[in-house]
Amino acid sequence: MAELVLSHLKKSYDGKQVLHGVDVTLPDGHFVVIVGPSGCGKSTLLRMIAGLEDVTEGTISIGGIVMNDIDPADRGCAMVFQNYALYPHMTVRQNIAYPLRIAKVAQAERDRRVEEAAAILNLTEYLDRRPAQLSGGQRQRVAMGRAIVREPEVFLFDEPLSNLDALLRVQMRIEIKRLHKRLKATSIFVTHDQVEAMTLADTLIVMNGGRVEQIGSPAEVYRKPASVFVAGFMGAPAMNLIDASVDVDGLVALDIAPHLPVAEAQGVAKGTPLVLGMRPEAITLSFDSSRGLPATVDLVEELGGSRVAYCTVNGRELAVVLPPSDERYEGREVYLQFDRRAWHLFDRTTGTRLDNLVQPRASTRRLAEA
Amino acid sequence: MTTEAVPQPLSAAPARLRKKTAAGTGLNSAAGHLVMVLMSIFCLFPVYWMVATSFRPTNAIFETSLWPTTMSLDNYVYALNAIPIVQMLVNTLVVSVVVTVIQLFTGLLAAYAFARWRFPLDKLVYTGVALTWLVPFQVVMIPNYLLVAQMGLLDSVVALILPHFASALAILLLAQSMRSFPKEVIEAARMDGARSWRILWEIMTPNLRGTIASLAILIFISTWNEYFWPLLLSRTPENSVIQIGIQMFMTAEGNQWGPLMAASTMASLPILLIYVILQRQVIQSFMKSGIR
């Protein structure tokens with residue numbers, strides 16, 4: 001069994017720290033996705049687990065064994081690289097069989113495992129081709145085949161889909177998920193694509209600036225982001241984040257509409273700078289001037305199944321998800337109404353989530369009532 | 001709702017917009033080809049003249065006709081009888097092949113170390129290797145001669161090979177190619193369990209065929225054409241190389257142009273053969289580096 005434990009893991013290059021102490025326990029068989037923007041340290045973390053980067057401080061243990069000084073080949077990990085990293089001079093068969101050849105696995109057993117992996121990945125008819133004769137998706141499958149035959153305890157995927165076109169990316173995503181369900185090995189998948197992260201993960205690790213921002217299921221991370229960063233990073237279109245503060249009555253008031261207090265913030269000092277988050281799908285748009293916050297629609301993006309309207313309220317842009325329709329909104333005056341159950345409150349100074357938001361009392365005025 | 005496009009009258013492009021020109025057509029292309037033809041003639045004519053002269057009889061050796069008016073193999077027969085030319089060709093071939101293989105072998109090992117490993121003073125050592133390339137052979141000739149003499153290897157084929165075990169050019173070229181080799185492929189091999197030895201021979205070397213072929217040709221030709229070091233060491237024609245043999249037709253009494261050209265033609269053939277065999281690899285490597 002391969003429970004993977006990262007303890008106080010730090011990494012520095014020439015004295016510059018890029019990972020600031022990662023503490024994570026990944027249960028056996030979980031599909032874990034590490035997501036974050038470029039340069040957040042996610043690939044460095046994966047490469048440290050693989051043994052391709054040295055550990056500056058802390059420990060990595062797989063199945064209860066500390067792996068810090070163990071050779072990459074002996075950690076029980078197999079890695080799928082972003083640009084496939086296939087051996088160009090070898091056929092697909094030779095590529096997949098290479099780790100077995102090095103491990104001196106008997107020829108018959110080697111053939112059996114290669115054939116089996118090829119069958120799982122629909123590569124049987126390409127076994128005698130070279131990588132240059134394959135499409136991007138096929139090359140990626142060969143890279144996965146090379147990982148599968150090793151029968152590793154942990155699969156490591158370093159942005160494996162980022163070189164594929166949009167359609168192939170979706171197909172491969174589904175294939176990887178199916179493969180995981182079949183093999184049930186602990187898998188760690190690094191990506192900067194939040195759709196990949198949400199769809200693949202059992203557990204999601206959101207990273208930023210060398211730190212873990214949040215660990216949880218995709219639904220938890222989406223519904224209850226732990227920080228302003230997570231709130232803004234997860235979700236497309238991104239969550240609307242509006243500066244707010246606590247007014248004299250202890251109510252949270254938006255900076256763009258101070259006369260419209262939205263909820264009570266218990267235990268938060270008056271004047272505390274806050275950020276209020278609202279998902280674009282938690283805002284509705286109407287032409288009914290009797291209710292809601294007045295706004296102007298600047299732009300509407302057509303997504304087919306839905307539309308995204310970008311509205312301006314007192315100089316601040318808010319995204320609103322609309323159902324599909326032929327209604328023309330651009331340039332029109334509209335009124336925004338908010339689903340008060342979907343508000344997220346953050347401390348603007350620390351960026352952390354505040355769960356002090358109490359839903360509007362009867363006395364809370366107009367906007368909340370909308 | 002439908003929109004109907006109203007057809008607009010088309011107008012000719014204004015004169016300020018230049019017409020696109022297809023590359024490689026017209027006058028430019030013809031001029032380019034003319035230059036290439038002239039340069040080819042310039043390069044190939046001496047070779048052609050060598051071959052043509054080798055077939056002229058002695059009394060017609062200074063004829064200026066483009067092709068010999070009478071053909072004769074006398075120069076070849078004379079050259080083969082005057083010196084042990086076959087033995088010399090074999091010696092030259094052995095020396096050239098062995099030096100090429102050894103320099104590639106040591107070059108690959110050293111280049112891998114420079115390209116893949118970080119060790120104390122690695123950059124300084126690399127610079128040192130690069131500097132040895134700039135040191136002329138004449139500077140190390142005497143120390144090398146003394147060493148070989150002390151080892152009792154004068155007038156032997158082994159002594160012709162010994163000072164050429166490593167080449168700075170080979171190390172520099174191979175190290176450069178290895179540095180541009182995809183890092184992920186090497187990391188994938190490490191994950192698969194390959195150590196440095198396997199990574200060098202099973203992963204990198206097969207993918208550096210273009211560079212290795214170009215380098216092999218360069219080393220082979222320069223060793224084949226080497227004159228000074230064999231001249232210093234050789235005492236007997238049987239232990240000598242073809243370049244020394246050719247020089248034997250240049251005497252104080254005058255040059256024997258016919259046999260000299262015949263021997264030179266025979267000395268050139270293996271080089272041409274090697275190029276014909278490996279030229280596809282060489283051209284491929286040049287094309288690849290151009291595309292990248």
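This report describes the chains, core, helix packing and some backbone features of a predicted model.

Residues are numbered from 1 along each chain as its sequence is written, while chains are lettered from A and ligands numbered from 1 in the order in which they are written. In this predicted model, local features need pLDDT of at least 70 and side-chain atom pairs count only at pLDDT 80 or more, whereas totals for chains, interfaces and linings use all residues.

The secondary structure of chain A consists of nine helices and 22 strands. Helices (H or I, at least four residues) and strands (E, at least two) are DSSP runs, numbered from the N terminus. The C-alpha trace of chain A spans about 80 × 50 × 35 Å along its principal axes. Of its 370 residues, 43% are buried. A residue is buried if 20 or more other C-beta atoms lie within 10 Å of its own, exposed if 12 or fewer, and partly exposed in between, with C-beta atoms placed from the backbone.

Chain A has two parts, domain 1 (4-232) and domain 2 (237-369); such bounds come from an automatic or database domain assignment. The centres of the two domains, taken over C-alpha atoms, are 39 Å apart. Seven residues of domain 1 are in contact with ten residues of domain 2, where contact means that the C-beta atoms of two residues, placed from the backbone, lie within 7 Å.

Between the chains, 16 residues of chain A are in contact with 14 residues of chain B. On the chain A side, strand E6 (77-80) and helix H2 (92-102) are the elements that give two or more residues. H2(A) gives the most, with three residues.

**The largest nonpolar core**

A nonpolar core is a set of buried Ala, Val, Leu, Ile, Met, Phe, Trp, Tyr and Cys residues joined through C-beta atoms within 7 Å. The largest one has 157 residues, and A:Ile34, A:Leu156, A:Val252, A:Leu336 and B:Ala111 touch the most other members. Helix H3 (residues 85-116) of chain B supplies the largest share, ten residues. Because domain 1 and domain 2 of chain A both give residues to this core, it lies between them. Among the residues that A:Leu336 touches are A:Ile283, A:Leu293 and A:Val320.

**Two helix pairs**

Axes are lines fitted to C-alpha atoms, for helices over the stretch in contact, and angles run from 0 to 180 degrees between N-to-C directions.

| Helix pair | Axes come within | Crossing angle |
|---|---|---|
| H3(B) and H7(B) | 8 Å | roughly 50° |
| H4(A) and H5(A) | 11 Å | roughly 20° |

H3(B) is therefore oblique to H7(B), and H4(A) and H5(A) are roughly parallel to each other. Angles under 35 degrees count as roughly parallel, over 145 as roughly antiparallel, 65 to 115 as roughly perpendicular and the rest as oblique. The residues of H3(B) that meet H7(B) include B:Ala111. In the other pair, A:Gly136 and A:Met144 are among the H4(A) residues that meet H5(A).

**Backbone features**

Most residues other than glycine have a negative phi, and most peptide bonds are trans. A cis peptide bond joins A:Ala236 and A:Pro237, with omega about -5°. A:Pro237 is in the loop between helix H8 (228-233) and strand E11 (240-246) of chain A.

A:Ala85 has a positive phi, near 55°, and sits in the loop between E6 and H2 of chain A. A:Ala85 counts as buried because it has 23 C-beta neighbours inside 10 Å. A:Lys184 has a positive phi of about 55° and lies in the loop between H5 and strand E8 (186-191) of chain A. With 12 other C-beta atoms within 10 Å, A:Lys184 is exposed.

Key:
Lists of a residue's contacts leave out its neighbours within four places in sequence.
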